[in-house]
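Okay, everyone, thanks for coming. Let me put the model up and we'll walk through it together.

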Amino acid sequence: MKCPFCPGELKKGTIPFHIDRKGIHVTLDSVPALICQLCGQSLFEESEMKTIDEVVTALDKRSKKLERAA
Ligand SMILES: [Zn+2]
C-alpha cells in the first residue's frame, strides 16, 4: 500500500496513541497502524479508527457521568 502523502510504502506496525478529552488523558501504547517507511506518517485502518472512536465516545459518556456526580 502506498502512502497518500509521499511515494513511500506503508508497512503494518504499531504506534502509541494519545487521547485527550476534557482533562482525561489516555495513552494506548501500541495501536495497530500503517506506517510510511519514507515520511513516517502513520495511518489507522478502518477497524482501528472505529475502535478508537468507540473508546473516545465511551470516555465522553463516562466523563459526563463524573461531572454530574461532582
Ligand atoms: Zn509517506
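I'll take the metal site, then the sheet, then one serine.

Quick housekeeping: this is a predicted model, where local features need pLDDT of at least 70, side-chain atom pairs count only at pLDDT 80 or more, and totals for chains, interfaces and linings use all residues. Residues are numbered from 1 along each chain as its sequence is written, and side-chain values use heavy atoms, with hydrogens and water left out.

So, what coordinates the zinc ion? Cys3, Cys6, Cys36 and Cys39 do, each through SG, at 2.2 to 2.4 Å; donors here are N, O and S atoms within 2.8 Å of the metal (3.2 Å for Na, K and Ca). The donor angles run from 104 to 115°, making the site tetrahedral, a label for four donors with all angles between 85 and 135 degrees. In sequence, the spacing reads C-x2-C-x29-C-x2-C. Cysteine 3 counts as buried because its relative accessibility is 7%, the cut-off being under 20% relative accessible area with a 1.4 Å probe, protein chains only.

On to the sheet. Three strands make an open, antiparallel sheet, ordered E1-E2-E3; strands are DSSP runs of at least two residues, and two of them pair if DSSP finds at least two bridges between them. E1 (10-21) and E3 (42-43) are the edges, each with a single partner strand, so one side of each has no neighbour in the sheet.

Last stop, serine 63, in helix H1 (residues 46-69); a helix is a DSSP run of H or I, at least four residues. Beyond neighbours within four places in sequence, serine 63 contacts Lys22 and Ile24, meaning heavy atoms within 4.5 Å.

How values were computed. Tetrahedral: all angles 85-135°; square planar, octahedral: opposite > 155°, others 65-115°. Buried < 20%, exposed > 50% of the residue type's maximum accessible area, 1.4 Å probe, protein only.
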